[in-house]
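Hello,

Here is the structure I promised to pass on. My notes follow below it.

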Amino acid sequence: MLLNLTGKFQAFKGTETPQLTTMRGITLFSQVATNELRAIKGLLHRRTYIKDEIIFDEGEKGQAIYFIIDGKVLICKQGRPQDGAIAELGAGQCFGEMALIDNSPRMAQVRAAEDCTLDVLFREDFLGLIETHSRIASKLSLELARMMGERLRQTINSYVL
Amino acid sequence: MSDSDSPSAITWCAIIAATCLLLFLFQQILWLVVPFLLALALYYLLAPLNKKLVLSGLSPDFSAALLSGAFLLLSGAALLFIYPIAIAHASEWQIALLRYLEGGTRAIEGMIAMMQDKFVFLRDSDISNDARQNLMNFAEQFSDKHLGKVILTIAAWLPSILLAPIITYFLLKDGAQLRRFIGCTVPNAFFEKTLYLIYALDRTARLYFLGLIKVAAIDAAFLTIGLWLLGVPSALILGIISALLGWIPYIGPLMGLTLSIMVTATDFPGDMVLLYWVMGLFGVLRILDDFVFLPYIVGKSMHLHPLLTLLMFFVGEAIAGVAGLMLVIPILAMVMVLGETLEIILLDTRLRARHTYARNLHKRAVTRDLNIS
């Protein structure tokens with residue numbers, strides 16, 4: 001009986017479902033172990049957006065970070081998708097990460113550049129992770145810092161060049 | 001949530017009206033509401049442990065079953081342990097109860113006599129005889145009229161109380177799914193705002209229920225140590241029962257004090273100084289609860305004005321009695337979040353415009369190949 005339970009425990013620990021495999025494709029989760037991914041999976045909300053649909057507006061209170069599972073999104077100045085485009089992001093990338101750090105308003109508008117599927121992690125859940133799963137939270141924070149550092153470097157380079 | 005997001009006067013009226021209506025409805029299904037609230041408290045208590053078990057590699061289902069099953073087993077074992085003892089000692093306990101009731105009666109008589117001795121205007125009144133007669137009647141008739149009812153009520157409530165671990169199991173197992181399910185029902189435009197408010201509700205409920213448990217534990221420790229230092233027998237049992245009774249606003253602490261006075265007056269007849277010490281201990285605890293423990297532990301999580309809280313207690317009591325006293329604040333907090341959400345969604349023209357725009361996009365997408373004039 002105990003052996004059977006242990007077997008189930010080990011089997012469960014090692015199993016990686018298709019959703020977990022998809023999650024592994026997201027840069028922010030690249031350093032997270034399978035069982036840790038499972039804990040994060042329970043916190044994510046899956047949303048689907050149609051092409052041109054607004055995901056959030058500039059100046060809106062940010063509460064969540066978005067992970068692109070499928071499709072592309074356009075980051076642009078408020079209401080200017082054509083002439084105010086800032087960046088286009090695709091599967092595996094994330095946006096709205098400042099919402100995890102502070103309560104500041106969204107810095108740009110984000111629209112679906114094509115039909116897309118997104119996973120959403122709320123700041124409350126991230127703060128909960130810091131309290132209950134500090135190991136996962138520190139891994140995510142480190143990846144988040146790396147990603148923001150990379151974006152800062154790109155911005156500086158674009159100004160210098 | 002910022003002050004600018006606090007509900008308007010009209011919304012407040014709707015929130016209070018909805019709370020009253022819910023209290024009235026919940027009173028009809030109290031057998032389900034009480035175990036549900038107990039399950040919520042248990043859920044918030046076990047949730048951190050559940051998360052740790054899931055992280056250690058157990059499946060969410062197994063972890064939820066393990067925790068709620070363990071709680072159910074412990075409750076069952078406790079009942080099985082207590083039941084034969086209760087049956088074996090029932091007659092002794094009944095005699096003891098009558099003895100304590102008589103002791104309490106004597107203590108009240110003593111207090112009235114002391115007051116008549118001090119205040120001239122009380123000397124000629126029949127207050128002592130009336131009180132004595134009423135209390136003696138109550139003490140004599142308690143075992144015949146009330147004890148049976150009390151035991152029957154407890155027995156009738158047991159099955160529904162046992163529902164609590166089962167509800168807890170589903171909350172632990174499907175809590176995150178439930179949140180996702182609610183999220184799925186909300187259109188994209190309102191998703192972030194609605195979910196934020198649901199999280200706010202969750203945080204409020206967690207602070208409230210865990211806060212109540214923590215305050216009860218502190219109260220129990222404070223009373224046990226205090227009563228033990230005063231030399232009152234069964235200090236631990238009295239401390240725990242009084243702390244649990246404290247969950248019933250206003251009436252609960254008085255019931256705890258009455259119980260302790262009955263025991264003290266019976267075991268130390270005539271020792272009025274000790275009785276005053278016991279009353280003082282309960283008085284100090286009340287002050288500490290209201291000004292230190294509750295504000296710091298439960299916090300201002302409810303964001304309710306003290307006057308409104310007090311008024312709602314009266315309204316709750318008028319609608320649903322003691323149950324209303326216990327339920328009114330959690331229900332008000334939940335309805336308040338719901339009211340806030342609806343107000344934000346209904347008054348935010350940008351969100352509504354985004355929702356209409358998204359609906360039009362969907363409509364255009366699904367009718368792209370259709371020639372609809």
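Two strands count as paired if DSSP finds at least two bridges between them. Helices (H or I, at least four residues) and strands (E, at least two) are DSSP runs, numbered from the N terminus. This is a predicted model: local features need pLDDT of at least 70, side-chain atom pairs count only at pLDDT 80 or more, and totals for chains, interfaces and linings use all residues. Residues are numbered from 1 along each chain as its sequence is written, chains are lettered from A and ligands numbered from 1 in the order in which they are written, and side-chain values use heavy atoms, leaving out hydrogens and water.

**Sheets in chain A**

One open sheet has 4 strands in the order S2-S7-S4-S5 (chain A), paired antiparallel. Its edge strands are S2 (54-56) and S5 (85-89) of chain A, each pairing on one side only. From one strand to the next, the twist averages 25°. S2(A) and strand S7 (residues 109-112) of chain A run antiparallel and are joined by 2 bridges. A:Ile54 has A:Arg111 in S7(A) as its bridge partner.

Chain B reaches this sheet. Helix H12 (residues 349-366) of chain B lies across S2 and S7 of chain A, at about 150° to S2(A). Axes here are lines fitted to C-alpha atoms, for helices over the stretch in contact, and angles run from 0 to 180 degrees between N-to-C directions.

A further open sheet of 4 strands has the order S1-S8-S3-S6 (chain A), again with antiparallel pairing. Strands S1 (45-49) and S6 (94-95) of chain A each have a single partner strand, so one side of each is left without a neighbour in the sheet. Helix H7 (residues 188-230) of chain B packs on this sheet and touches S1, S3 and strand S8 (116-122) of chain A. Its direction makes about 165° with that of S1(A). Contact means heavy atoms within 4.5 Å. Strand S3 (residues 64-70) of chain A pairs with S6(A) in the antiparallel sense over 2 bridges. There, A:Phe67 stands opposite A:Cys94 in S6(A).

**Nonpolar cores**

A nonpolar core is a set of buried Ala, Val, Leu, Ile, Met, Phe, Trp, Tyr and Cys residues joined through side-chain atoms within 4.5 Å. Buried means under 20% relative accessible area (1.4 Å probe, protein chains only). Which members of the largest core touch the most others? Of its 36 residues, they are B:Tyr44, B:Leu172, B:Phe209 and B:Leu327. Helix H11 (306-347) of chain B is among the helices that each supply at least two residues. H11(B) gives the largest share, 12 residues. B:Phe209 touches B:Leu37, B:Leu40, B:Ala41 and B:Tyr44, not counting residues up to four places away in sequence. Another core lies apart, with 24 residues, including A:Leu20 and A:Ile69.

**Bent helices in chain B**

The bend at a residue is the angle between axes fitted to the seven residues ending there and the seven starting there. Helix H3 (residues 60-118) of chain B has a kink of about 65°, centred on B:His89. H3(B) spans only 67 Å between its end C-alpha atoms, whereas a straight helix of 59 residues would span 87 Å. The expected span is 1.5 Å times one less than the number of residues. B:Ser68 sits in H3(B). B:Ser68 is buried, at 5% relative accessible area, and touches B:Pro165 and B:Tyr169, not counting residues up to four places away in sequence.

H2(B) kinks by about 40° at B:Leu46, shortly before the proline B:Pro48.

Best wishes

Methods
Buried < 20%, exposed > 50% of the residue type's maximum accessible area, 1.4 Å probe, protein only.
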